[in-house]
Amino acid sequence: MATVNSSAGHACPAPMKATSNGVFQGDNPIDFALPLAILQICIVVALTRGLAYLLRPLRQPRVIAEVIGGIMLGPSLLGRSKGYLNTIFPSKSLTVLETLANLGILFFLFLAGLEIDTGSLRRTGKKALAIAAAGISLPFVMGIGSSFVLKATISKGVDGTAFLIFMGVALSITAFPVLARILAELKLLTTDIGRLAMSAAAVNDVAAWILLALAIALSGSNTSPLVSLWVFLGGCGFVTLAILIIPPVFRWIGSRCHEGEPINETYICAALTIVLACGFVTDAVGIHAMFGAFVVGVLIPKEGPFAGALVEKVEDLVSGLFLPLYFVASGLKTNVATIQGLQSWGLLVLVIFTACFGKIVGTLAVSLALKVPTREAVALGFLMNTKGLVELIVLNIGKDRKVLNDQTFAIMVLMALFTTFITTPIVVAVYKPARRSKKPDDYKHRTIERESPSSQLRILSCFHGTRNIPSMINLLEASRGIEKGEDLCVYALHLREFSERSSAILMVNKVRKNGLPFWNRKSVGGSNADQVVVAFQAFQQLSRVTVRPMTAISSLSDIHEDICTTAAKKRAAIIILPFHKHQRLDGSLETTRSDYGWVNRKVLQNAPCSVGIFVDRGLGGSTHVSAKDVAYSVVVLFFGGRDDHEALAYGLRMAEHPGIALTVIRFIVSPEKSGEIVRVDVKNDDPAARNFRSDEEVLSEIRKRASVEESIKFEEKRVGKAATDVASAVEEVRRSSLFLVGRMPEGEIAVALREKIECPELGPIGSLLISPESPTAASVLVVQQYSGGRAAPDLAEKPSSSPEKDSE
């Protein structure tokens with residue numbers, strides 16, 4: 001961007017020096033390039049992140065906040081103050097600002113290319129190709145039609161051919177990076193509509209970049225058509241050479257990078273240098289530097305760990321700092337005040353209508369012709385209408401090439417903002433997740449306590465990272481029983497927080513290949529993923545257990561939905577969640593992330609089956625204990641009630657393992673400390689309640705089994721209603737390996753202890769066992785039995801603090 005004022009009588013502004021000598025030597029830092037650029041970046045990041053936080057409840061992608069922030073910083077709002085504009089964004093600083101912005105957009109387009117899997121493009125079906133063709137052709141034609149109206153009114157005197165193509169591209173493009181983030185946020189990437197939208201958008205994106213290259217070739221300052229032809233042929237030659245050279249080079253680099261090992265810095269540096277070199281070549285040809293970077297990203301093979309490592313090295317700096325500068329550079333060119341009068345606002349409405357009508361109707365018509373259900377077809381039309389960042393790139397190139405004037409540019413920016421903003425709300429309205437998910441009809445075993453304890457037990461075991469895996473596997477080993485019944489089936493669900501990072505999109509895309517979020521060693525890169533899969537594969541081979549490693553990628557505000565939906569689909573009897581505190585070296589528990597505790601509470605409220613929260617204090621040590629070496633002492637603290645029944649049923653399941661000794665301790669109120677008996681009314685209209693057995697029925701069976709089975713011991717303890725009395729009883733079995741307790745036990749003792757619950761998700765006994773005053777340092781599993789879908793007690797009544805506003 002030129003930084004001179006070419007009007008007669010105005011001299012070029014003096015170039016800025018890089019650094020100042022400081023205020024104490026009389027220099028104003030903002031008169032120098034580096035400190036002013038730092039100030040600009042800080043203002044931009046603070047404003048755009050603040051807007052993103054405000055728009056988060058509306059589930060808008062971050063690009064919306066960045067576009068709005070750029071417009072606010074420009075002449076449309078804050079820039080109306082000439083003092084602000086000349087101080088923070090003076091004309092002499094714009095060269096540095098735009099250089100940084102274009103460097104950021106160059107690497108971002110490289111990351112966007114990495115998100116596109118060329119193998120998936122080759123496998124794109126006829127349905128996706130037809131939808132992509134319709135999504136390009138109709139809006140392109142309508143864009144050319146609307147360009148005649150604009151050229152006759154507010155865009156007189158511009159290059160006719162280039163203007164037609166720029167308008168056609170601007171209205172027909174689908175922003176693939178933004179669409180991927182919207183689909184991932186709405187949990188649609190693993191659905192049929194998500195696959196269809198991603199495939200069609202990828203084809204659309206590639207076609208749009210080809211058309212954009214043509215438009216750039218035609219928009220040069222030289223009016224000779226022969227020059228435009230040379231530019232276009234030069235671009236084609238570059239793409240051809242890139243296809244022949246880049247994939248083999250990066251395959252060789254990929255062959256020297258192995259899973260679980262750090263990537264050599266030389267290879268990362270070489271890749272980034274190749275990106276810059278290709279950007280230089282395409283800029284020299286006359287297209288744009290970002291086109292070369294995009295081509296490199298598309299052509300790099302996605303298999304192996306190298307692509308993922310490359311993304312992780314680049315994404316935070318580019319997306320967090322440099323990319324928002326591009327939106328500010330766009331905002332400084334956008335002056336909404338130029339849209340004045342009935343004619344200008346009418347043209348804005350015309351452009352928005354043309355963009356939406358061409359994209360949505362074209363996609364909808366072809367989708368319905370291909371027998372896509374109506375709701376999915378409507379949602380697909382609005383998804384394909386997503387604009388965002390790629391649209392701004394097109395418009396900025398058109399503005400810099402003098403193809404778009406100020407008024408047309410402002411109209412097109414507002415159109416891109418509007419079409420992207422409406423995507424998420426409308427898709428959620430017409431294609432709600434509730435309509436997509438159906439609970440299986442044969443989902444009967446929702447608890448561990450059941451009439452046929454020998455039937456298969458299905459466990460959904462969740463974890464956030466590799467830290468919990470050894471203890472979790474040891475817990476599952478203890479849960480498998482022996483030859484009496486069917487095999488234990490475990491679904492190991494890795495909970496990953498979704499972000500708008502390119503690495504998150506790559507991860508989601510790799511998960512998406514199988515339709516369901518199943519992992520295998522060939523489909524998911526990254527050392528952590530590989531460690532998880534290897535650990536569970538080894539466990540499956542050493543034990544009579546069927547293990548299915550999976551992953552759920554969602555924002556923390558609604559990841560509990562994924563957990564509950566997966567449990568229902570897999571007909572799990574219990575969900576096991578890790579506690580949000582971890583044990584330190586001194587034995588105390590420290591909070592890693594409090595929002596994990598919020599996730600646990602939401603699962604307790606909405607789970608379709610029983611739930612267990614596992615407080616890991618090193619069960620079995622830091623490695624997987626083989627079946628023959630298992631020697632655990634498991635204690636069930638029984639007070640009474642449904643949750644205690646579930647804990648006891650789980651303990652009896654563990655007692656079938658030859659290496660486990662089970663002790664059941666029943667707590668009874670001492671006669672001298674007994675008060676009014678606390679009873680729980682059980683309603684007969686509840687199906688789960690009708691099958692509820694009394695405490696005495698359950699305990700009579702335990703007494704019988706304890707008399708004949710050496711691995712089971714039964715004791716009764718008479719205690720008072722104070723926590724110290726219970727702690728004294730626990731002191732006798734403090735060296736146990738694992739305590740099993742109900743989350744909300746019933747009876748006089750339990751009710752008295754409820755007044756001092758520190759962690760609502762653990763209940764009174766669980767909170768007592770993990771308190772600093774606890775006499776034991778054993779692991780604890782707190783169990784809540786499924787009770788017909790009723791809200792978990794002591795959770796529904798208390799408002800919980802969410803990591804972000806709940807979007808339900």
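## Surroundings of Ala706

Leaving aside its neighbours within four places in sequence, Ala706 is in contact with Ile712, Lys713 and Phe714. Ala706 belongs to helix H27, which comprises residues 695-708. In this predicted model, Ala706 counts as partly exposed because its relative accessibility is 22%, and the limit for a buried residue is under 20%. The C-alpha atoms of Ala706 and Val664 are 9.4 Å apart in space, although the two residues are separated by 42 places in sequence.

## Overall composition and confidence

The protein chain contains 30 helices and 12 strands. Of its 808 residues, 55% are buried. When contacts between residues at least 6 apart in sequence are considered, 80% of them join residues at least 24 apart.

The mean pLDDT of the protein chain is 81, and 83% of the residues reach 70 or more. Among the elements of the chain, E7 has the highest mean pLDDT, at 95, while helix H26 (residues 687-690) has the lowest, at 43. For residues 1-10 the pLDDT is below 50, and this stretch has 11 contacts in the model beyond near neighbours in sequence. Residues 796-808 likewise have pLDDT under 50; the model gives them 25 contacts beyond four places in sequence.

## The ten-stranded sheet

An open sheet of 10 strands is arranged in the order E3-E2-E1-E4-E7-E12-E11-E8-E9-E10, and its pairing is mixed. Strand E3 (545-554) and strand E10 (712-719) form the edges, each pairing on one side only. On average, neighbouring strands of the sheet are turned by 20° against each other, direction ignored. Strands of a sheet pair through backbone hydrogen bonds, in either a parallel or an antiparallel sense.

Two of the pairings may be described individually. E2 and E3 run parallel and are joined over 10 bridges; in this pair, Val490 stands opposite Val547 in E3. Strand E4 (residues 574-578) also pairs in the parallel sense with strand E7 (residues 610-615), over 5 bridges, and Ile574 is placed opposite Ser610 in E7.

E3 is an edge strand, yet 8 of its 10 residues are buried, so E3 is largely enclosed by the rest of the structure. Helix H23 (residues 559-569) lies across E3 and also across strand E1 (458-463), strand E2 (488-497) and E4. The helix runs at about 150° to E3.

## Packing of helices H9 and H15

Helix H9 (residues 192-218) packs against helix H15 (residues 374-384) at an angle of about 35°, and the two axes are 10 Å apart. The crossing of H9 past H15 is right-handed. On the H9 side, the contact is made by Ile193, Leu196, Ala197, Ala200, Ala201 and Asn204; H15 contributes Glu376, Ala379, Leu380, Leu383 and Met384. Of the residues in this contact, 9 are nonpolar, 1 is polar and 1 is charged.

The buried residues of H15 are Ala377, Ala379, Leu380, Gly381, Phe382, Leu383 and Met384. Besides H9, these buried residues pack against helix H6 (126-153), helix H8 (176-185), helix H14 (341-369) and helix H18 (423-430).

How values were computed: Residues numbered from 1 in each chain as written. Predicted model: local features only at pLDDT ≥ 70, side-chain atom pairs only at ≥ 80, totals over all residues. Heavy atoms only, no water. Pairing = 2+ DSSP bridges. Helix = DSSP H or I, 4+ residues; strand = E, 2+ residues; numbered from the N terminus. Axes fitted to C-alpha atoms, helices over the stretch in contact; angles between N-to-C directions. Contact = heavy atoms within 4.5 Å. Left-handed = near helix turned anticlockwise from the far one by under 90°. Nonpolar A, V, L, I, M, F, W, Y, C, P; charged D, E, K, R; others polar. Buried < 20%, exposed > 50% of the residue type's maximum accessible area, 1.4 Å probe, protein only. pLDDT = per-residue confidence, 0-100.
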